[in-house]
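Dear colleague,

Please find the structure below, handed over for your records. A summary of the findings follows it.

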Amino acid sequence: MAELYIRVAEDENEEPMEIPSEDDGTVLLSTVAAQFPGACGLRYRSPVSQCMRGVRLVEGVLHAPENGWGNLVYIVNYPKDNKRKMDEIDASSAVKIKRGDQKTSDLIVLGLPWKTSEQDLKDYFSTFGEVIMVQVKRDVKTGNSKGFGFVRFTDYEAQVKVMSQRHMIDGRWCDCKLPNSKQGPDEPMRSRKVFVGRCTEDMTAEELRQFFMQYGEVTDVFIPKPFRAFAFVTFADDQVAQSLCGEDLIIKGVSVHISNAEPKHNNSRQMMDRGGRFGNGGFGVHHLFSNFPGRSPSLAAMFERSQYQFPSSHV
DNA sequence: GTTGAGCGTT
């Protein structure tokens, strides 16, 4: 199938944008999201029924209606929660890079009584504003509270208020502070790859890809096996990656922490090397490849992958 | 079954 475009717009009155399809006639959701950040699907008005119809979406792939895409204008679907946020963004901006300084982050809650539960925390902090995440950290073996936890608010105002005072929770004074993980911004070297900490085992690579797509084109997702509670996500654009570093994002109700992908133990030569770095994501790909170039399809595949994982200065 | 400054299974 030759070059085919489908017409997509944010609503029926707007001028449509032409979006390329794949060779098999499908359209990737990621292609749509590249032009309409945050998009989660497409719909269109059926010429027969005059009703809006959803476009079939299977694992990030949009499938044409029975009679093909035709010349219809397809309307972008946004997640219910994101709709308003997306509208606030300049419609012409493809990717949101600069984001407001009103963003909230997790707060550590120190000094909790041993008995305090997550429900207790949620009940207490809800008086300050909408709470979107609470955690009580516990010993994995015993389940006993470690006496601290985390809370995250929807609104920055609530966060500021909570940070500004002490809290009497279940009979003890507690402090809410920015966690250390947020305060020391290590040198931000330009990388397209970010480290995603505090992942849970049920997060699939596909889910992570779908989630991070809203910020920009994702070129790779790497989840170590066996489970290690972190992942690497690589974007096409390093600015997107950098813009996320230091943030806490909520995925499937879990607060993950985004930071720069390079390990702390950079040796100095690599660090001096024009900001180059060596986050090989746990593989010894470079060694394998330079010793046995092109020996097997899997090595070739790993090399392909390495082009995403290494900065261009190393490839 | 204990405790009371800290930092979230990198």
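I begin with the surface that faces the DNA. A polar backbone atom of glycine 111 is 3.3 Å from a base oxygen of DNA strand B, a polar contact being a pair of N or O atoms within 3.5 Å, where within protein one must be able to donate a hydrogen and the other to accept it, and residues adjacent in sequence count only if both atoms are side-chain atoms. Strands S9 (107–110), S10 (131–138), S11 (145–153) and S18 (254–260), together with helix H5 (180–183), are the elements that give two or more residues to the surface near DNA strand B; helices (H or I, at least four residues) and strands (E, at least two) are DSSP runs, numbered from the N terminus.

On conventions: this is a predicted model, in which local features need pLDDT of at least 70 and side-chain atom pairs count only at pLDDT 80 or more, while totals for chains, interfaces and linings use all residues. Residues are numbered from 1 along each chain as its sequence is written, chains are lettered from A and ligands numbered from 1 in the order in which they are written, and side-chain values use heavy atoms, with hydrogens and water left out.

Of the atoms of DNA strand B within 4 Å of the protein, sugar and phosphate account for 16%. S11 gives the most to this surface, with 4 residues.

Arginine 152 is located in strand S11. Its side chain makes a polar contact of 3.2 Å with the side chain of aspartate 106. Arginine 152 is buried, because its relative accessible area is 5%, where buried means under 20%, exposed over 50% and partly exposed in between (1.4 Å probe, protein chains only).

The structure holds 9 salt bridges, each a side-chain nitrogen of Lys or Arg within 4 Å of a carboxyl oxygen of Asp or Glu. One of them pairs glutamate 12 with arginine 45, with the closest N and O atoms 2.9 Å apart. This pair links distant parts of the chain, 33 residues apart: glutamate 12 is in the loop between strand S1 (5–9) and strand S2 (17–20), and arginine 45 is in strand S4 (residues 41–45). Glutamate 12 is partly exposed at 46% relative accessibility, as is arginine 45 at 32%.

Another salt bridge joins the side chains of glutamate 207 and lysine 252 (2.9 Å, N to O). Glutamate 207 lies in helix H6 (residues 205–212) and lysine 252 in the loop between strand S17 (248–251) and S18, so the pair ties together parts 45 residues apart in sequence. Asp106, Arg152, Arg198 and Asp248 are joined into one network by salt bridges that share partners.

Finally, a search of the whole structure finds 0 disulfides, a disulfide being a pair of cysteine sulfur atoms within 2.5 Å. Cysteine 199 is buried, with a relative accessible area of 7%, whereas cysteine 51 is partly exposed at 44%.

With kind regards

Notes
Near = heavy atom within 4 Å.
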